[in-house]
Amino acid sequence: MTRDRIVFAISAVLLLTVPLWFGHVGGYTDLAARVLIYALAAMGLNLLLGFTGGLSFGHAAYFGLGAYGTGLMLVNYTHNTLLALLAGTLLGGLAALLLGPIAVRRRGIYFSMITIAIGQMFYFIAVRWNDVTGGEDGLTGFSRQPILGITLGSTQFYYMVLIFFGVGAMLLWTILNSPLGHTFVAIRENHKRLTFLGIRTDRYVALSFAISGLVCALAGGLNALLDNFASPDDLRYTLSGNFLIIAVLGGMRNFWGPLVGAAIFVLVENYVSAVTQNWMTVIGLVFVLSVIFFPLGVLGFFRKVKKA
Amino acid sequence: MLLDILFNAFNGLIVGSFYALMAIGLSLILGLNGVINFAHGGFMALAAYFAFTLVPYTGFWGALIIAPLLAGAVGYAVEQLIVRRLYLRDPLYSLLATFGLALIMQDLLRTIWGAQGLPLAIPDFLNQPVSQVYFFVTGYRLFVVALAILSTGTLFAVLRYTRLGVRIRAGNADLETIAALGVNIYLLRSANFVLGIMFAGLAGILAAGQLGLTPTMGDELIMPSFVAIVVGGVGSLLGSLLGGLIIGVAAGITTAFYPAASEVVIYLIMGITLIIRPRGLLGQEGLFE
């Protein structure tokens with residue numbers, strides 16, 4: 001237990017001081033913000049995937065809705081960055097709340113196919129609804145506005161992302177350690193048994209779906225603020241796949257797994273796409289090899305070694 | 001106006017044939033191998049590019065036969081190297097591995113044949129318009145529909161009347177039992193995977209003749225094929241066929257009225273199906289859950 005605390009403390013200090021050291025190891029502050037944003041999205045997804053046992057291949061939809069919601073608020077209605085982020089987050093969360101009950105009508109592989117298809121629906125809406133979303137070119141014409149007189153440069157914005165990452169992580173941690181979270185894990189382990197005990201498992205899975213969608217939408221809103229841009233690719237199944245591999249790569253049975261996975265994934269992608277045009281092959285190999293050789297993820301792998 | 005609707009409905013029927021061929025291959029693999037093959041679109045494009053390369057040497061007809069076989073051979077290698085390691089594991093892993101495979105295949109296609117679109121030469125007599133009285137239909141479009149019907153008919157006959165077909169159907173019902181009865185299920189699963197890939201290959205060549213070749217051509221067809229399976233009902237090949245045709249025609253008719261919604265309507269049909277008949281048109285209750 002103490003060892004875990006030491007690791008946690010070191011990680012926290014590292015995250016808090018990113019603007020000081022990240023540049024010296026070849027990174028830049030915006031890249032660190034991207035790691036946190038993807039980590040937040042994958043942790044949100046992991047509530048459903050790793051802790052409730054629901055394999056959604058469509059969570060980019062809620063990420064993208066968060067991005068578009070935040071962007072559209074800033075373009076059309078307000079100059080308040082936080083208000084726009086709140087609106088985007090609620091938009092994505094609401095969509096997940098409404099669509100979850102449809103998706104949970106089926107389980108297993110079927111559930112995955114349905115979530116992919118629902119996600120693609122939003123993708124095509126974003127591409128075709130030109131007047132509002134900017135179509136294939138994406139949504140531009142907004143930028144993050146100062147909060148309480150503080151201009152959000154790279155460093156300030158990184159800390160804003162870190163704060164929201166902390167809020168999201170705390171929300172998920174609290175849920176997982178509550179009776180609700182224990183119910184989620186029990187559904188993952190044996191949903192039939194819970195059904196026999198008189199628990200409406202589909203409602204709980206839908207609730208997990210909605211919460212994880214809400215956290216993804218928060219991450220999406222932050223992503224739009226980071227780039228001052230929302231792209232249809234934010235909604236695409238490719239990004240859903242990236243979130244899944246981030247969770248698996250880090251270790252989906254571990255609370256902090258997605259953070260480790262996001263750090264590896266974002267840094268590898270950033271580095272490889274700078275040195276070769278064939279970066280898609282490398283990312284594809286990351287998918288294939290990690291599934292075959294590291295199904296437990298980095299954290300799961302170390303935990304197993306520790307036990308052995 | 002009526003002609004316009006008919007024209008678009010017929011166009012939709014052709015696109016629906018591509019969806020249906022893709023969905024049937026996916027369904028076959030999902031049924032016996034228990035894997036959602038995300039790389040199906042990659043294999044489809046691969047066969048189309050093989051055909052593109054073969055046409056100067058073998059002509060269109062030779063390519064139509066050889067290219068799916070070559071794609072099937074690649075499929076066999078992939079099954080041996082990667083996919084067979086994923087059987088009986090959580091579907092998460094097969095989804096992610098085949099998704100990664102799709103990325104690799106798309107990237108390799110772009111590296112080898114280039115990112116820009118290429119045309120697939122089709123025989124001149126198929127390019128002639130059949131009728132200009134009502135609306136413009138080339139012989140190729142009729143050919144696509146005919147070949148889709150023929151190949152699915154053949155598949156159903158193989159499944160119904162041959163030993164291999166009986167084993168595939170029995171394996172769908174209970175793989176352990178047929179293994180205990182002495183069927184080599186490893187070989188059976190490989191054969192079934194290759195069969196599914198060859199259907200994707202056929203769809204790819206036919207689609208390339210109509211729409212041309214791009215490395216991402218599989219991307220555009222694989223999602224509607226998933227929807228076709230959900231609408232038609234998981235576990236039913238006939239359902240996949242129907243699902244593909246229905247969403248193709250629906251998208252075509254929507255194009256006549258409101259082109260921007262032609263893609264979204266596919267997903268709306270899926271949503272409605274799930275609400276009023278969750279198991280799909282011809283699906284069995286509780287399969288793969």
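In the predicted model, residues 24 or more positions apart supply 76% of the contacts in chain A that have a separation of 6 or more. Chain A contains 14 helices and zero strands, and its order along the sequence is accordingly written α-α-α-α-α-α-α-α-α-α-α-α-α-α. Its C-alpha atoms occupy a box of roughly 55 × 45 × 40 Å along the principal axes. The radius of gyration of chain A is 19 Å, in agreement with the value near 19 Å for a compact globule of 308 residues. Of these 308 residues, 52% count as buried.

Helix α8 of chain A covers residues 154–176. This helix comprises 23 residues and extends 32 Å from its first C-alpha to its last, close to the expected 33 Å at 1.5 Å a residue. Its buried residues are F157(A), Y158(A), M160(A), V161(A), F164(A), F165(A), G168(A), A169(A) and L172(A). An α-helix has 3.6 residues a turn, so residues three or four places apart point the same way. The cover over the buried residues of α8(A) includes α2 (18–21), α3 (29–49) and α10 (201–227) of chain A.

Within this helix, A169(A) provides a local example. A169(A) counts as buried because 20 C-beta neighbours lie inside 10 Å, and the criterion for burial is 20 or more. The C-alpha atom of A169(A) is separated by 8.9 Å from that of F255(A), although the two residues are 86 residues apart along the chain.

Chain B has eleven helices and two strands. In sequence order its elements read α-α-α-α-β-β-α-α-α-α-α-α-α. For its 289 residues the globule rule gives 19 Å, and the radius of gyration of chain B is close to this at 19 Å, so chain B is as compact as a globular protein of that length. The C-alpha trace of chain B spans about 60 × 50 × 35 Å along its principal axes. Buried residues account for 52% of the 289 residues of chain B. Among contacts in chain B with a separation of 6 or more, 74% are between residues 24 or more positions apart.

The contact between the chains draws 36 residues from chain A and 35 residues from chain B. On the side of chain B that touches chain A, the elements giving two or more residues are α3 (91–113), α9 (217–232) and α11 (264–276) of chain B. Of these elements, α3(B) gives the largest share of that side, 15 residues. By class, the side of chain B that touches chain A consists of 27 nonpolar, four polar and four charged residues.

The largest nonpolar core holds 195 residues, of which A117(A), M22(B), A47(B), A48(B), A51(B) and V227(B) touch the most other members. The largest share of this core, 16 residues, is contributed by α10(A). In soluble globular proteins, nonpolar side chains tend to be buried together. Apart from its neighbours within four places in sequence, V227(B) is in contact with A117(A), I247(B), I266(B), Y267(B) and M270(B).

How values were computed:
Residues are numbered from 1 along each chain as its sequence is written. Chains are lettered from A and ligands numbered from 1 in the order in which they are written. This is a predicted model: local features need pLDDT of at least 70, side-chain atom pairs count only at pLDDT 80 or more; totals for chains, interfaces and linings use all residues. Two residues are in contact if their C-beta atoms, placed from the backbone, lie within 7 Å. Helices (H or I, at least four residues) and strands (E, at least two) are DSSP runs, numbered from the N terminus. Ala, Val, Leu, Ile, Met, Phe, Trp, Tyr, Cys and Pro count as nonpolar, Asp, Glu, Lys and Arg as charged, and the others, Gly among them, as polar. The expected span of a helix is 1.5 Å times one less than its number of residues. A residue is buried if 20 or more other C-beta atoms lie within 10 Å of its own, exposed if 12 or fewer, and partly exposed in between; C-beta atoms are placed from the backbone. The radius of gyration is taken over C-alpha atoms; the globule rule is 2.2 Å times the number of residues to the power 0.38. A nonpolar core is a set of buried Ala, Val, Leu, Ile, Met, Phe, Trp, Tyr and Cys residues joined through C-beta atoms within 7 Å.
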